[in-house]
Amino acid sequence: MIEIQDLYKYYGDRRVVGPLTTTIGQGEIVGLLGLNGAGKTTTLRILACDLLPTSGSVRVGGLDVVEKPHEVRGQVGYLPDRPPLYDDMTVREYLAYAARLRRVQGSGVEKCVSEAEELTELGDVRHQLIGTLSHGYRQRVGIAQAIVHRPAFVVLDEPISGLDPVQIVEMRELVRSLRGEHTVVVSSHILTEISETCDRILVIKDGEIRWQGSEADLSSQLSQGMRVQITLRGGEAQARQVLQGIPAVENVETVDAAESGESLVTLVVTAAGDPRDELCRALVGAGIGVLELGRRRELEGLFLELVSEPVDGERRKKKRRAQEAEPAEQREEA
Amino acid sequence: MSQSLLIARRELYAYIRSPMGALIIAAALLGGGMWFNWRGVGQPLLSAEVLAVFFETASGMVMLCSVVLGTRLLAEERQSGSMILLKTAPINEREIVFGKFLAGYLMIVVLIALTAYMPLHVYLNGKVSFGHIAVGYAGLLLLGAASIAVCLFASALASSQVVAVIIGAALMLALVLLWAPAKVTEPPLNKFLNGLALHHENFRPFMNGILQLKSVAFYLVVTYFFLLCASKVLEARRWR
């Protein structure tokens with residue numbers, strides 16, 4: 001569906017994206033994960049035919065974005081980091097305008113607008129002026145304009161930016177609901193969002209894809225075995241004893257000391273394979289109250305591992321050493 | 001063409017929804033009416049001379065309103081972030097520019113139409129031909145088209161409305177004041193500069209009821225040239 005081959009983007013002498021090569025399949029939801037300035041927005045703007053690549057090729061549905069930009073634009077829906085809205089229009093008027101701009105004809109406009117409103121749950125505010133909507137609704141209108149012409153490919157740049165927790169959950173559901181009918185590329189630097197929403201993650205740093213795969217792939221590649229988090233009601237010593245008696249268990253760490261009164265304790269168990277059922281059976285069998293047991297979400301740590309700069313640490317050390325070597329008077333002057 | 005009409009409709013809709021369009025036109029009519037009353041009605045002039053004063057006043061109103069209305073057309077979209085909707089839609093730059101031009105020009109046409117009571121007053125109470133009025137209005141419509149095109153070009157260049165107004169006003173002023181360097185230069189340069197002046201040499205025949213094809217062609221060429229420049233600027237910026 002989308003083929004990116006040796007894509008590069010330079011601003012002057014500065015390389016912002018590249019070399020970037022990947023393929024995104026039909027109906028997939030792919031997350032572009034990276035720190036600020038990693039090249040996510042630039043990549044998305046190229047995919048949306050808003051920015052000309054310096055070199056390389058990007059093909060959407062077999063069409064090259066540089067050779068056939070108009071045809072590609074008709075197949076792409078794009079939500080930039082700041083939704084392109086007109087405050088003086090009602091939601092319905094705006095969506096109809098966006099559909100007609102994307103060459104939806106005649107009676108098809110009404111149908112497309114109704115579908116987009118339904119999918120993004122904008123029915124209640126369809127006659128309200130966009131300028132009077134909350135931030136969450138404005139994001140929804142932004143997504144609705146991106147899908148109103150039923151594009152095969154939807155590009156969403158930081159769709160959850162600035163949303164409150166309830167709106168984040170709703171937005172997550174909304175993005176998931178696009179699966180199948182649309183191929184979706186979502187960018188975010190909020191790691192859990194990407195892992196919750198996407199089928200595949202592309203970790204991008206300095207404009208290059210550093211890693212791609214699912215969260216499980218990432219976890220298994222970077223840490224040996226699985227890490228399971230268990231919350232217990234008391235009995236830390238007994239629990240440790242029980243857990244260490246299980247052959248698959250390699251290590252048991254206490255991450256949360258017992259809270260006064262509640263006597264809760266949280267342990268993280270590192271084990272080979274998937275030992276969750278075995279751990280649960282052993283603890284319950286020993287009469288220990290298990291409140292929670294689940295795979296520890298470690299994408300954040302793993303992501304940092306992928307994008308971390310070992311050089312930075314070295315640089316900091318060198319800087320500290322240089323500062324220490326500097327005479328006290330010079331430091332004061334500075 | 002249908003996409004241009006769609007863009008023009010949205011733009012006009014924005015003028016109607018907000019009081020801005022009405023306020024600009026009302027202010028221009030008030031200022032222009034007062035100026036005409038002072039310079040035309042209150043003076044011992046022949047009816048044809050009063051009518052010429054009216055067209056001179058109206059041309060000033062048209063040029064001022066063009067700066068205010070025309071410079072916001074693209075710069076506002078860019079400033080508010082809605083430009084990306086047009087940039088990523090399957091429409092070309094000419095359609096965008098023509099749609100914006102149509103909207104701005106229609107507002108100028110509304111302004112020109114609302115001035116009709118002033119020449120009507122002269123027509124009913126004095127001795128002027130209908131042809132003089134018709135030619136004068138044709139001149140205003142041509143000057144309006146050229147002025148909106150110049151300001152739309154300024155709007156395409158600028159990233160904010162304030163900068164667009166400054167560029168637009170400077171361009172308009174330069175084009176209007178070309179008669180000044182023409183006065184101190186020798187032929188054929190002075191003829192060339194006079195011929196390029198947006199108002200002086202090219203608008204005066206219309207003011208006096210003379211339909212000069214050379215001036216009609218001048219305004220049409222200026223309109224086309226600046227619209228073309230605006231679409232080229234958008235084209236260059238679209239991929240950046």
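This is a predicted model: local features need pLDDT of at least 70, side-chain atom pairs count only at pLDDT 80 or more; totals for chains, interfaces and linings use all residues.
Strands, as the term is used here, are DSSP runs of at least two residues, numbered from the N terminus. E11(A) is paired with two other strands of chain A, namely E13 (residues 264-271) and E14 (residues 289-295). The pairing with E13(A) is antiparallel and comprises eight bridges; within it, Met226(A) has Ala271(A) as its bridge partner. The pairing with E14(A) is likewise antiparallel and rests on six bridges, with Ile230(A) standing opposite Leu293(A).

In chain B, helix H13 (residues 213-238) contains 26 residues. The distance from its first C-alpha to its last is 37 Å, close to the 38 Å expected at 1.5 Å a residue. The buried residues of H13(B) are Ser215(B), Phe218(B), Tyr219(B), Val222(B), Thr223(B), Phe226(B), Leu227(B), Ala230(B), Ser231(B), Val233(B) and Leu234(B). An α-helix has 3.6 residues a turn, so residues three or four places apart point the same way. Among the elements that cover the buried residues of H13(B) are helices H6 (93-114), H8 (130-157) and H12 (200-207) of chain B.

H8(B) also packs against helix H4 (residues 72-80) of chain B, the two axes coming within 7 Å and crossing at roughly 20°. Because angles under 35 degrees count as roughly parallel, H4(B) is classed as roughly parallel to H8(B). Arg72(B), Leu73(B), Leu74(B) and Ala75(B) of H4(B) make the contact with Leu152(B), Ser155(B) and Ala156(B) of H8(B). By class, five nonpolar residues, one polar residue and one charged residue take part in the contact between H4(B) and H8(B).

Several backbone features were also identified. Most residues other than glycine have a negative phi, and most peptide bonds are trans. In chain A, the peptide bond from Gly18(A) to Pro19(A) is cis, with omega near -5°; Pro19(A) belongs to strand E2 (residues 14-24). In chain B, the bond from Pro187(B) to Pro188(B) is cis, with omega near 5°. Pro188(B) is located in the loop between helices H10 (179-183) and H11 (189-196) of chain B.

Positive phi values occur at Glu158(A), where phi is about 50°, and at Asp206(A), where phi is near 50°; neither residue is a glycine. Glu158(A) lies in the loop between strand E7 (153-157) and helix H6 (165-177) of chain A. Glu158(A) counts as buried because it has 21 C-beta neighbours inside 10 Å, the cut-off for burial being 20 or more. Asp206(A), in the loop between strands E9 (200-205) and E10 (208-213) of chain A, has 16 other C-beta atoms within 10 Å and is therefore partly exposed.

The contact between the chains involves 21 residues from chain A and 16 residues from chain B. On the side of chain A that touches chain B, the elements giving two or more residues are helices H2 (69-75) and H3 (91-101) of chain A. H3(A) supplies the largest share of that side, four residues. By class, the side of chain A that touches chain B has twelve nonpolar, two polar and seven charged residues.

How values were computed. Residues are numbered from 1 along each chain as its sequence is written. Chains are lettered from A and ligands numbered from 1 in the order in which they are written. Two strands pair if DSSP finds at least two bridges between them. The expected span of a helix is 1.5 Å times one less than its number of residues. A residue is buried if 20 or more other C-beta atoms lie within 10 Å of its own, exposed if 12 or fewer, and partly exposed in between; C-beta atoms are placed from the backbone. Two residues are in contact if their C-beta atoms, placed from the backbone, lie within 7 Å. Axes are lines fitted to C-alpha atoms, for helices over the stretch in contact, and angles run from 0 to 180 degrees between N-to-C directions. Angles under 35 degrees count as roughly parallel, over 145 as roughly antiparallel, 65 to 115 as roughly perpendicular and the rest as oblique. Ala, Val, Leu, Ile, Met, Phe, Trp, Tyr, Cys and Pro count as nonpolar, Asp, Glu, Lys and Arg as charged, and the others, Gly among them, as polar.
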